[in-house]
Amino acid sequence: MPQLAFEKRFFKGGDYDALPVHVRKNVREAMDKFPKLTPAQLKADKGLNFKPPAGARNRHIRTFKVDNFHRGVVFAPEGGGTLLLLKVLPHDDAYAWAAKLDAGVNSATRGLEVWDAEGLERVTPAMERRAAGAGRLLFADISDGDLRALGVDDTTLRAARTIVDAQQLEVFAPYLPEDQAEVLQFLANGFGVEEVWRDIVAHRAPAPAAGDDSSVIETAIRNTPTRIALVSGAEELAEILDRPFAEWRIFLHPSQRKVAYRPSYPGSYQVTGGPGTGKSVVAMHRVRHLLNHLRPGERILLTTFTNALVSALRSGLTELVADPDLLERVDVTTVNAQAGRVLTEAAGGEAPHFLGDAEEQARWKEIAERLDLPWNERFLAQEYRHVVLAQRIDDPDAYLAADRPGRGRPLARALRPLLWRAMSEFTAGLDADGVHTHLRACDVAARTLEEEGPLYRHVVVDEAQDLHPAQWRLLRAAVPVRPDDLFIAGDPHQRIYDAKVSLKSLGIKVVGRTTRLKRNYRSTQEILAWSRALLDGRPVEGLADGGDDTLAGYRSSLHGAAPVAFGAPDQDAEVAEVVRRVRAWVEAGIAPSEIAVAARFNAVARKVKEGLVAEGVPAVLLRSTPKPETEGVRAGTMHALKGLEFRCVAVAGVCDWAVPFAKAVTPADVDPIQHATDLMAERCLLFVACTRARDQLHVSWHKEPSEFLTEAGIA
Ligand SMILES: Nc1ncnc2c1ncn2[C@@H]1O[C@H](COP(=O)(O)OP(=O)(O)OP(=O)(O)O)[C@@H](O)[C@H]1O
């Protein structure tokens, strides 16, 4: 009996989701029937009317009847092992489309490719004529041998030799076999032959194909998880067909699948990668994998940094895991909220009270003045955060002996008792008033769990780059030291809060247990290249335990408009231009909720929001935590955009006085190391805001642009 499989394009462009409900029901009924029939029964089944299109190019392509008006197109290798669903189309279109297709096994990736052979044959001669008159061709420097080694076959090679530039390749790509198109796109983006081999071909580690023609094809189908999903049974079929299609749920890249579905890791594991490489996607798939192996009574914590991300992860996980009983076994919270829960429980149900940033600063200021200290409130707060809390220093002797890594202002030992007094007064003040800072709450909650024992069997962490050692300690204590204890996803290039961590010293070993994802699924290559320029040549410290991280090989195969950089004479003119641009996006059919406006400050975001509303464009502040279904352009700070994504993003107010924001950067004469760290965080913040954009990015300023833009050659 055949196994059912779907090809990605079955859903692509919303084709399946757009079919009327009764047609989808018929598709479902036909598909329920397939696995129950032998090849002979399939051919004989009158209801399905299973037959090749007239003039078929490929002998394995068949069509079948969905109803009187629609037919399905399948790739059905002769041995009858697999039925690969390609599309459902109106009757005549289905025949015409099916007749155009050809299919084959890629010589390098050993995956199955199905392509529009008729289109390719039609377009190539015209392109050849144009190429004859063109100057330089796009792949002139790459030999036929190299292209063949990357899996490019004779027909694609002929086509590739006509291509003049990357734009033309984009026109051609839909006609080409998919793996070959991908290879050409990355070569066109400047990646070397070796790099493309390593990142696209070699790591697929395909199963060798042997035997007769149909078993080679069967193996190829199994070698193509990026585009082909095998359906294990009726339940999975229902899950795929009955929910709105989301590619990330079904088609993981091999590098993503390998990390997410590895049966077990001997301990903690870490996945890094630039923006949009699917780290959150991998984290959610890992949760699904772990859920399927959970023993009775065990639970999973999926945790991240902000509330907006918690709700994104929660709704993603609901899409991925259909069984409500399984979902119930996952807690999705921020790390700080988790600390709050532990403390509430410990206090018999009474929730802790937290200090805001401004109140914390005021307390430090009061102490500095009262004790007549030679340090200001900022220095004191940082010393407490980066030395005392980070190293969990509890007594003056330990403080006297402590190293102060990352602190650039030397501190004579003789002065430390005075400083310790300030620290003790601060914590005594918190205790007396029954309040916590969020980080101290994490530290206290960690101590509680260290005494009382862990709560979870697995902890999965997203946006890990911004967690403070006190938060890590809480996570460490939340799960026993066992295989698969912590699964950590993060990107050091998006570190926008000041977090310096040695995971090893906190009992979390990830050295040698890391995968770096490189393929961006979110943004166009134009947006990526533009945003990367902001960080070029600036080393970024890795997620844990020293060493730098890198964006080498980071890329996208999507293409689109170049980002726009716009300088205005004053703020009103800038806001007017942002409003005009956003309105143009909406008029072009983009839903307002798929558009974001980001600024360094809430006041600027608010101003743009008001400008939009005045022009009749609905807009909401991210601060008001709008529900996903709330209509309106999202406006907020760059910080609030962390981890989110939008089709179009306008980053406003990127002026010399605002980015970097002087108040967020410790002056170099106060602490040179902290100064450099703060400056980098501001730079990363702009990088984060820009990389939220999928299709279009607009960056603006008034008067003088930010030094980050001028240094990157953007303004
Ligand atoms: N295999 C995939 N197929 C299709 N889409 C994918 C795949 N993996 C990720 N995506 C999509 O790419 C986008 C980025 O994914 P995700 O948010 O997981 O990336 P990230 O690495 O966590 O990003 P960031 O670090 O910028 O927050 C999402 O729209 C996601 O659905």
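I started at helix α19, where the buried residues pack against α20 (377-389) and α22 (416-433). I took contact as C-beta atoms, placed from the backbone, within 7 Å. Helices here are DSSP runs of H or I with at least four residues, strands are runs of E with at least two, and both are numbered from the N terminus.

Housekeeping: this is a predicted model, where local features need pLDDT of at least 70 and side-chain atom pairs count only at pLDDT 80 or more, while totals for chains, interfaces and linings use all residues. Residues are numbered from 1 along each chain as its sequence is written.

**α19**

I looked up which residues of α19 are buried and got E360, R363, W364 and I367. They sit on the same side of α19, because they cover an arc of only 95° around the axis; the arc is that of the directions from the helix axis to the C-beta atoms. On the other side I found A358, E359 and E369 exposed. My cut-offs: buried is 20 or more other C-beta atoms within 10 Å of a residue's own, exposed is 12 or fewer, and partly exposed is in between, with C-beta atoms placed from the backbone.

Then I checked the length of α19 (residues 357-370). Its 14 residues should span 20 Å at 1.5 Å a residue, and its end C-alpha atoms are 20 Å apart, which agrees. The expected span is 1.5 Å times one less than the number of residues. Just after α19, I noted a positive phi of about 55° at D372.

**α2**

Next I went to α2 (residues 21-33), which has 13 residues and reaches 19 Å from its first C-alpha to its last, close to the 18 Å expected. I have N26, V27, A30 and M31 down as its buried residues. Their arc is only 135° around the axis, which puts them on the same side of α2. V21, H22 and E29 are exposed on the other side. The cover over the buried residues includes β1 (3-7), β2 (61-65), β3 (70-75), β4 (82-90) and α12 (234-242).

**Ligand shell**

Last, the ligand. Of the 21 residues around it, P275, G278, K279, S280 and Y521 come nearest. The elements giving two or more residues to the shell are α13 (247-250) and α15 (279-291). α15 gives the most, with 3 residues. A residue counts as near if its C-beta atom, placed from the backbone, lies within 6 Å.

How values were computed. Two residues are in contact if their C-beta atoms, placed from the backbone, lie within 7 Å.
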